[in-house]
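Dear colleague,

I am handing over the structure below, and my notes on it follow. Please read them with the model open beside you.

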Amino acid sequence: MAYNLLKGKRGIIFGALNDMSIAWKVAEKAHEEGAIFTLSNTAVAKRFGDIETLCEKTGSQFIAADATNVEELRELFVRSMEILGGKIDFVLHSIGMSLNVRKGLTYDKIKYEYYEKTLDISAVSFHKTLAVARELDAITEEGSVVALSYIAAQRTLYGYNDMADAKSLLESIARSFGYIYGRDKKIRINTISQSPTPTTAGSGVKGFDGLMDFTERMSPLGNATADDCANYCIVMFSDLTKKVTMQNLFHDGGFSSMGMSLKAMSMYNKSLDPDIQIPPDLD
Ligand SMILES: NC(=O)c1ccc[n+]([C@@H]2O[C@H](COP(=O)([O-])OP(=O)(O)OC[C@H]3O[C@@H](n4cnc5c(N)ncnc54)[C@H](O)[C@@H]3O)[C@@H](O)[C@H]2O)c1
C-alpha cells in the first residue's frame, strides 16, 4: 500500500545491482511513493547486474559512477539535477565491498591495499558524496540522506572482517556531516543499521547462513528483510522524520538490545558437546 510519502521528491539511489539488493527495494518503494530519481552504480555493476530492468520498472535513468571518484560523483549530481529538474531531496548510499572478505583473508592477515579499498568504497565514498553535494549545493533544504550500516560497527562479529572498520567510519562520517548539513540547511544525515540480509554483498560474509539463523533466533521481531529496510528508508526520506539526524538507527528486529533469547539458548543447549573442537583457522 502506498501513502504518497515521497510525492514530488527527487532522489539519487546508489547501489542497486539485482533484485536482492536493498537499494533495488528502496527504488521500487520510492517509485510507488511518488518519487523520481536516478540510479547509480559502477559501469561494471551495470554490465553484470540487472539495473536496466529496474530503470524500466521505475522510469529512471542510470548514471554510471564509481563512488570513490570525486569527478564522477560531481557529474552524477549535475546530471541528476538536470534530468530530474531541480535539487535533490534524498540520497541513498547503499554501497559496500571488501576484497579481503571476498578473497577469504582473515582480519589478522588482511592485505593493506585491499583494506584501503574497503574503506574508500564502503565509507570514504560517503564523505566524497556529501562533500560534492555540498560544493554543488545539490541537496534541498530539509532533504534527507541515508547510508546503510551494520552492527559490526559497534560489536565484533566473526567473519565481518575489515568491513567492521568501514562501518564505524561510515557512521562517524554521518555524524560529522550531519552537524554541518543540519546547521546550514536542516538536512538530515543518518545511517540505518540493518539485519543480515541475503544479498550479493551480504552472502559474501564468511558463515553468513549461520549468522542469519543466529540473529533470527535472537531478535524478538526476527530479522528485518530488504523490503522492511526499504520501508524504513522511505520514512527517513519523507517529511515525517524532519528532526531525526546524526543517528545510527538500528533496524534489526531488536537484535542490538538482546543478550540471549530462549530460541538461541535452546539451540545452543542442543549443541553443547564437550568434545566439539574449534577449527584452528578461525579468526
Ligand atoms: N546484506 C546485508 O547483510 C547487509 C546488512 C547491513 C548493511 N548492509 C549494507 O547495505 C548496503 C547494500 O548492500 P546489499 O546488501 O544490498 O548488497 P549489494 O551487493 O546488492 O549492494 C552493494 C552495492 O555496492 C556497489 N558498489 C561496490 N563498489 C562500488 C563503487 N566503487 N561505487 C559505487 N557502487 C559500488 C555494488 O555494485 C552493489 O550494487 C551496503 O552498504 C552493505 O554493507 C548489508
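**Overall fold and burial**

Of the 283 residues in the protein chain, 45% are buried, where buried stands for 20 or more other C-beta atoms within 10 Å of a residue's own, exposed for 12 or fewer, and partly exposed for anything in between, with C-beta atoms placed from the backbone. This is a predicted model, in which local features need pLDDT of at least 70 and side-chain atom pairs count only at pLDDT 80 or more, while totals for chains, interfaces and linings use all residues. Residues are numbered from 1 along each chain as its sequence is written.

The protein chain has 11 helices and seven strands, these being DSSP runs numbered from the N terminus (helices H or I of at least four residues, strands E of at least two). Its radius of gyration, taken over C-alpha atoms, is 19 Å, which agrees with the value near 19 Å that a compact globule of 283 residues would have, the globule rule being 2.2 Å times the number of residues to the power 0.38. Along the principal axes, the C-alpha atoms fill a box of roughly 65 × 40 × 40 Å.

**The nonpolar core**

The largest nonpolar core holds 66 residues, of which Ile13, Ala16, Ala23, Val26, Ala27 and Cys233 touch the most other members; such a core is a set of buried Ala, Val, Leu, Ile, Met, Phe, Trp, Tyr and Cys residues joined through C-beta atoms within 7 Å. Helix H7 (residues 163–185) gives the most to this core, namely eight residues. Setting aside neighbours within four places in sequence, Ala23 is in contact with Ile13, Phe14, Gly15, Ala16, Leu92 and Ser94, a contact being a pair of residues whose C-beta atoms, placed from the backbone, lie within 7 Å.

**Around the ligand**

The ligand is surrounded by 27 residues, the closest being Ser21, Gly96, Thr199, Ala201 and Gly202, and a residue is taken as near if its C-beta atom, placed from the backbone, lies within 6 Å. Helix H1 (22–32), strand E5 (139–149) and helix H8 (200–203) are the elements that give two or more residues to this shell, and H8 gives the most, with three.

**Glutamate 28**

Glutamate 28 is placed in helix H1 and counts as partly exposed because it has 17 C-beta neighbours inside 10 Å. Not counting residues up to four places away in sequence, glutamate 28 touches Lys57 and Thr58, and its C-alpha atom is separated by 7.9 Å from that of lysine 57, 29 residues apart along the chain.

With best regards

Terms used
Two residues are in contact if their C-beta atoms, placed from the backbone, lie within 7 Å.
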